[in-house]
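Please keep the sequence and the model in view while reading.

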Amino acid sequence: MSYEVAKRTTMKLGVLDVVWYDVPFESRLHRISKLNFDGVECWLNSAELGFAVDREWPDTHRVEKVVLTKNKLTKLLEDSGLSIHSYGQYQVMGPVLGPYPTEVLTGSKRRERINDMKRLIDFCAEVGVKILIVESGGDPDKPDQWKPFLEDFMSELVSHAERVGVVIAMENTPQALVKDENDLLRLAKEMPSKALRVNFDPANLNLTPPGNRDLPMAIRKLKEHLISLHAKDSVYGGGPYGKMPDGTWRCPPIGQGTVPWSACVQALKDIDFDGYLIIEYSYPFGVVPLEERDRAILSGKAYLENFLK
């Protein structure tokens, strides 16, 4: 008689710092630690450090500048018992200044953006953070943008990341040139490098037209390239970029949308994924009370933990 022994998952749960955009940096780390997360993606902190990342917090929030040395950050992380999984996030080809898609920068503006991204890559290397998460920017309906994306932006960024030992993790988004798993695979094929991996967002793929995407299959297809995932929920709205008729994306707390997280986690187990799932909750962009954000994050965390056992 033989018995199958279930493998114990080594996946870890992190969280996006933007959830607590109105909590000062040091207090934010301690709050995340008390909620028993393993790590954090620092997106808001990138802005607090002065980098020109794209906004993922209410436009009413005024970003307070923070000065961090390697020693100070190390001490803060030791005190909180946390690790920083990654920094982020940029739309590589151009900032979000209005309705999507983003523009594709050229000339001095492109040089300024590339240099800013390289400075954040250098900061990651200096403080021992191994991952910078980005999105491509650009227009999902303009395949001619692949050439400038690869040649004018990613080639230099990936080469720089290779030199300093940092990984650029590309995320799929319905409103960007790199919108789905096939685009992520194309990028990996066009630019093979140990410094270029995938931060897959199942909820973003769930929003990507024409809808009804096979999210577990996408995970399996990306097996060789996955380094982390964003974990949130979504509901396909049928409009541009998967939006609802009112022009907004519907991204409720995890477990309240249509992302099949049980099947997604099983797919991750099947490919022996052992990285981070980074929990998000920032929609709608209006000011959501702090207590509601806490509840949404904790309910999502508990929901995922049931499948990670």
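Axes here are lines fitted to C-alpha atoms, for helices over the stretch in contact, and angles run from 0 to 180 degrees between N-to-C directions. Helices (H or I, at least four residues) and strands (E, at least two) are DSSP runs, numbered from the N terminus. The model is predicted: local features need pLDDT of at least 70, side-chain atom pairs count only at pLDDT 80 or more, and totals for chains, interfaces and linings use all residues. Residues are numbered from 1 along each chain as its sequence is written, and side-chain values use heavy atoms, with hydrogens and water left out.

Begin with helix H5 (residues 146–164) and H6, whose axes come within 12 Å and cross at roughly 45°. H5 and H6 are therefore oblique to each other; angles under 35 degrees count as roughly parallel, over 145 as roughly antiparallel, 65 to 115 as roughly perpendicular and the rest as oblique. Trp146, Phe149 and Leu150 of H5 meet Asp183, Arg186, Leu187 and Glu190 of H6, where contact means heavy atoms within 4.5 Å.

Helix H6 spans residues 181–190 and includes glutamate 181. Is glutamate 181 buried or exposed? Its relative accessibility is 9%, so glutamate 181 counts as buried (buried is under 20% relative accessible area, exposed over 50%, partly exposed in between, with a 1.4 Å probe and protein chains only). Leaving aside residues up to four places away in sequence, glutamate 181 touches Leu205, Arg213, Ala218, Lys221 and Leu222.

The other pair is helix H1 (residues 25–34) and helix H3 (residues 70–80), with axes that come within 9 Å and cross at roughly 30°. That angle makes H1 roughly parallel to H3. From H1, the contact takes in Phe25, Glu26, Leu29, His30 and Ser33, and from H3 it takes in Lys72, Leu73, Leu76, Leu77, Asp79 and Ser80.

Which residues of H3 are buried? They are Leu73, Leu76, Leu77 and Ser80. Seen down the axis of H3, these buried residues fall within an arc of 95°, so they line one face of the helix; the arc is that of the directions from the helix axis to the C-beta atoms. The cover over the buried residues of H3 includes H1, strand S3 (83–91) and helix H4 (107–127). On the other side of H3, Asn71 and Glu78 are exposed. Just after H3, glycine 81 has a positive phi of about 70°.
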